[in-house]
Amino acid sequence: MSKTLLSGYLWGFDRPNTADVIFKKFREFYKDGNLYFKMDVGGKEKEHKEICEKYGAEFSIQPMKVGRCGWMTHYEEWEDGDSEALKRACWPKENAFTWMDSLYEAAKKCGSKYLIALEDDTFILKPISIIQEDFGIAVVEYNCNEIHPYLLEFIQSIDGNTDIPVNLFGNKGYGGQGGFIINCETFVKGWDKLKPILEERWDEVREQTHLIGWVDVLPQLAVMAVNGSVVWNKQLVQTWFNERPDLYPGHSNWRDYEIVDFLKDDEIIKSL
C-alpha cells in the first residue's frame, strides 16, 4: 500500500471546540491522512474523545503532565499566576522527552511521508504546497528566533547538519512553532540518535541554554542530528507577521497563506 502524503498530530488540553475546527480544516484537504490527538493530563477528556471520534482521530493521554514549555509574555493572558509555565525557563528533561516520544510514536506509525504538528491555535487554510518537495523539517521563517551557538556546536559534535537557513539579520535560528512539518522517516531516525545522547548530556546542554527544553527547537535538532534538511515554509505564518514589516517585510494578511499559527480569536476560528 502506498504512503499517504500527510498525517496530522495535535497536542492539546482544554480547547475541544478549537480542536474540532483544526481537524475539520485538516480533513477538508487531507481526507486520507491519519490524525492523532495527544491530551495532557487533566484535560477535557470526554469532549476531546468525541471530537476524535467525529474525525477518525486516535485519542491518547500523555503518561505525565507535560505542560507548557516555560514562560512567555502572552501566557499571562490565560495562565493562572501559580502555573508552572510562568515559573520555569523550559521543560525539564522528563517533560521534553515525553513530548518528543509522543511525536515520535505518531511519526513512526502514521504511514505518511510527512506529519504536521498542530497546536490549539494552528489551522490549515489551503492545500500545503511544500509537501510536494523533499525536506527533513519545514519550519517558520525564524526572523525572531536565533539559535544558541552552543546548540550548533552540539549538533556539529555529533556529526549533524548545521547548514540551515540564515534569517533577515544574518543568524541561524529555530522555527518549530505550530504548523511545522517533519519527514517522518528522518525524524524517527533523528530522535533515535539524539535521545540517548541527550540522556547523557542534557545537564551540560541545559547549562548553556534553556532552548534545549523548548518545543520550537527540539524537533528541528532531531532532524539536524541525522543531517536532515531544514527549510523555511514561507506559507506558514503567525497572525501578526504583516504588522511587523521590520521582521517580516512584504507579508500580507494571514488569510492569504496556507497555514496560520497564533490564531486566538474564537469567533474568527468558528468562521473558518
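## A loop, a sheet and a ring cluster

Guide: Asp159 lies in the loop between helix H4 (149-157) and E7. Helices (H or I, at least four residues) and strands (E, at least two) are DSSP runs, numbered from the N terminus. This is a predicted model, where local features need pLDDT of at least 70, side-chain atom pairs count only at pLDDT 80 or more, and totals for chains, interfaces and linings use all residues. Residues are numbered from 1 along each chain as its sequence is written, and side-chain values use heavy atoms, with hydrogens and water left out.

Visitor: What is the phi of Asp159?

Guide: Phi of Asp159 is near 60°, a positive value in a residue other than glycine. Most residues other than glycine have a negative phi.

Visitor: Is Asp159 buried or exposed?

Guide: Asp159 is exposed, with a relative accessible area of 60%. The cut-offs: buried means under 20% relative accessible area, exposed over 50%, partly exposed in between (1.4 Å probe, protein chains only).

Visitor: And which loop holds Asn227?

Guide: Asn227 sits in the loop between helix H6 (218-225) and E8. Its phi is positive too, about 65°, although Asn227 is not a glycine.

Visitor: Change of topic. How many helices and strands does the chain have?

Guide: Seven helices and 10 strands.

Visitor: What is the strand order in the sheet of seven?

Guide: The order is E3-E2-E1-E4-E7-E6-E8, in an open sheet with mixed pairing. Two strands pair if DSSP finds at least two bridges between them.

Visitor: Which strands stand at the edges?

Guide: Strand E3 (57-61) and strand E8 (230-232). Each has a single partner strand, so one side of each is left without a neighbour in the sheet. From one strand to the next, the twist averages 25°. Axes are lines fitted to C-alpha atoms, for helices over the stretch in contact, and angles run from 0 to 180 degrees between N-to-C directions.

Visitor: Take E1. How many bridges join E1 to E2, and how many join E1 to E4?

Guide: E1 and E2 run parallel, joined by five bridges. Trp11 stands opposite Lys38 in E2. E1 and E4 also run parallel, with six bridges. There, Leu10 has Leu118 in E4 as its bridge partner.

Visitor: Parallel or antiparallel for E4 and E7?

Guide: Antiparallel, over three bridges. Leu115 has Ile182 in E7 as its bridge partner.

Visitor: And E6 with E8, parallel or antiparallel?

Guide: Parallel, with three bridges joining strand E6 (residues 137-139) to E8. Val139 has Trp232 in E8 as its bridge partner.

Visitor: How many residues of E2 are buried?

Guide: Five of its five. Leu35, Phe37 and Met39 point one way from E2, while Tyr36 and Lys38 point the other way, and all are buried. E4 is mostly covered as well, with six of its seven residues buried.

Visitor: Which strands does helix H3 lie across?

Guide: Helix H3 (residues 93-109) lies across strand E1 (4-12), strand E2 (35-39), E3, strand E4 (112-118) and strand E7 (181-183). It runs at about 155° to E1. Contact means heavy atoms within 4.5 Å. Helix H5 (residues 184-208) lies across E4 and E7, at about 80° to E7.

Visitor: On to the rings. How many aromatic pairs are there?

Guide: The count is 14 aromatic pairs. Rings of Phe, Tyr and Trp (its six-membered ring) pair if their centres lie within 6.5 Å; planes under 30 degrees apart count as stacked, over 60 as edge-to-face and the rest as tilted. The rings of Tyr9 and Trp99 have centres 6.3 Å apart and planes at 90°, so the pair is edge-to-face. Tyr9 lies in strand E1 and Trp99 in helix H3, so the pair ties together parts 90 residues apart in sequence.

Visitor: What about Trp11 and Trp99?

Guide: Their ring centres are 5.4 Å apart and their planes are at 75°, so this pair is edge-to-face. Trp11 in strand E1 and Trp99 in helix H3 are 88 residues apart.

Visitor: Which residues make up the ring cluster?

Guide: Ring pairs link Tyr9, Trp11, Trp91 and Trp99. Trp99 counts as buried, at 0% relative accessibility.
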